[in-house]
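Please report on the overall build of this two-chain model. Start with the chains one by one, then set their values out together.

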Amino acid sequence: MTVPAALHVPPTEAPPTALATEGLGVYYGDWLAVDDITLQVPRHHITAFIGPSGCGKSTLLRCFNRMNDLIAGARVVGRVTYGDVDLYDDRIDPVQVRRRIGMVFQRPNPFPKSVYDNVAYGLRVHAMTEDLDDRVEDALRRAALWDDVKGALKKSALALSGGQQQRLCIARTIAVEPDIVLMDEPCSALDPIATGRIEDLMQELRRDYTILIVTHNMQQAARASDYAAFLTTEVDGDGDRRRGKLVEFAATNELFTHPQDPRTENYITGRFG
Amino acid sequence: MTAKLAERPAGADLVRSGIRAQAANSSFAFVVRAAAVSVFVILVLIVVTMTREAWPAFWHSGLGFVTGTDWSPSADLYGALPFVYGTMVSSLMALVLALPVSIGIALFINEYAPRRLRAPGVYLVDLLAAIPSVVYGLWGVLVLGPFLLPYVQKVADTIGTWPVFSAVFGGPVGLKSMFLAALILTIMIVPIITSITREVFDTVPADQKAAAVALGATRWEMVRGAVFPHSRNGMVAAVLLGLGRAMGETIAVALVIGSTAQITTRIFAPADSMAAVIANTFGESSGVNRAALIGLGVVLFAMTIVVNMAGQFVARRSGRKGAGT
């Protein structure tokens, strides 16, 4: 079994940290879905979260912009540090967190508005309406969508193809100038060509942003990420409920070529369990 | 079992079943079809017979029936415009008052209320719709009207004396008025507008709301950016259906509007509506007067049909996944 080598060999010296977690856990009601995650996400790199279905990758990702707040009964324990602050501190305004830490979702979800208004929405919300046209154009250019839509800015975003819609969602996210972009399986609803374009785009974006991507596609993680975290599910001691655990976090080529944990090795070589 | 299946020629069980099953099937289809057709037949019969009954009045007044402003049966004058005016103004006022309240309730139930308050909230609003309209009318004339009268008087004495404003809020003030009718109608159409808008808000995809929130939108910004654009057509439909309901309301309006056929911009003055004048005077009418009241019914029927059809049309369009620009 050959393992695809990572395209980007990260520097040997550890880069500065963008986000860090310490003993992070997420409860849904009294069920501990994700348990005791401690890791440091490096700045201006792409960090992939991989693992089997139900291992809590998406739940973990949603801790970073407090999207779990929207789920009734979800509760977060431990720390998530961004810069000098704990994102779950009482004084933190989740609305401001989400402006700094944007998110792209699994299914392209543009608003039923024009292409222009989709990108302008976040800018208007944050009163960044000075040079609105330029900002919209810039975001669309950086999302590699400008050439596709420059003649149709007033057309409905829903008329775009799935891949274009997803790039529009990326444009919408980066328009408000976040630090960090979270991507929750952004290519799972796209065909291979559209997927390739999104992966190319991620390489462009990592110069300006820190990117965290959840993917169930190991080839994608190997191709597109600099660091990778492998999570797995563990059956709870007292019952049949599963909880997500972090097994290994390393530079992607390390993780794929010299996994330290047998569970990682089994997973990436296709032997689940 | 498998052997038996193999013995049977392929397709044997595709042959039509027995005569009796077929007869039952086709007679059921006939009953269903007849029920559907009867709705249409009844609708046409109502229009035809009502128009025939009203014909003497239409013949008597001509086009003046809908443009004339004088309605006095004793003088054989049948100008229905004051009633058309009263119906439209009281309904539109009710709509303007009911819409923000309804959207507020719908948003509260869907987006703001704790999950456990949702079902009771929906139930309470539906309960409002179950109150008989005569009860609304009695409550309006016995409780709400007298309660509001001193405040209305104050408004008329202050704002009502200012220039321009006096045309709308000026006195004299009566217990029964266009204003009271509009207020009662407001309470009556809030449930229908609320329940339709709430159902429309429910159809907004969760991932679009999540997208707005993930961009750093507050809840209100999320509502404005994701919920309203998606619900525009549905909200228009709710408005039109609420308007249709208000225009046709009879007994509650008849009890509170003041039964005075006049066209005035002063909302605290008594007025009259098409449905109310029919309810109040039909019993003692005869001849052309009776025909004229039936004619009012025909005109009202036509107006509500137009409003309802417009509402259904927009509602159907909003059902299709066609997004605006």
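The radius of gyration is taken over C-alpha atoms, and the globule rule is 2.2 Å times the number of residues to the power 0.38. For chain B, a compact globule of 325 residues would have a radius of gyration near 20 Å, but the chain has 26 Å.

This is a predicted model: local features need pLDDT of at least 70, side-chain atom pairs count only at pLDDT 80 or more, and totals for chains, interfaces and linings use all residues. Residues are numbered from 1 along each chain as its sequence is written, chains are lettered from A and ligands numbered from 1 in the order in which they are written, and side-chain values use heavy atoms, with hydrogens and water left out.

**Chain B.** The C-alpha trace spans about 95 × 60 × 40 Å along its principal axes. Chain B holds 13 helices and two strands. Helices (H or I, at least four residues) and strands (E, at least two) are DSSP runs, numbered from the N terminus.

**Chain A.** Here there are ten helices and ten strands. The radius of gyration of chain A is 19 Å, close to the 19 Å that the globule rule gives for 273 residues, so chain A is as compact as a globular protein of that length. Its C-alpha atoms fill a box of roughly 55 × 45 × 35 Å, taken along the principal axes.

Confidence comes next. pLDDT is the predictor's confidence in each residue, from 0 to 100. Chain A averages 87, and 92% of its residues score at least 70. Over residues 1-7 of chain A, pLDDT stays under 50. The model has twelve contacts (heavy atoms within 4.5 Å) beyond four places in sequence for that stretch. Where pLDDT is low, the predicted coordinates should not be read in detail.

**Burial, contacts and surface.** Buried means under 20% relative accessible area, exposed over 50%, and partly exposed in between (1.4 Å probe, protein chains only).

| Property | Chain A | Chain B |
|---|---|---|
| Buried residues | 57% of 273 residues | 40% of 325 residues |
| Contacts at least 24 apart, among those at least 6 apart in sequence | 71% | 74% |

**Charge.** Lys and Arg count as positive and Asp and Glu as negative; His and the chain ends are not counted. The place of a charge is NZ of Lys, CZ of Arg, CG of Asp or CD of Glu. Chain A has 31 positive and 38 negative charges, with mean positions 5 Å apart. In chain B, the mean positions of the 23 positive and 15 negative charges are 9 Å apart.
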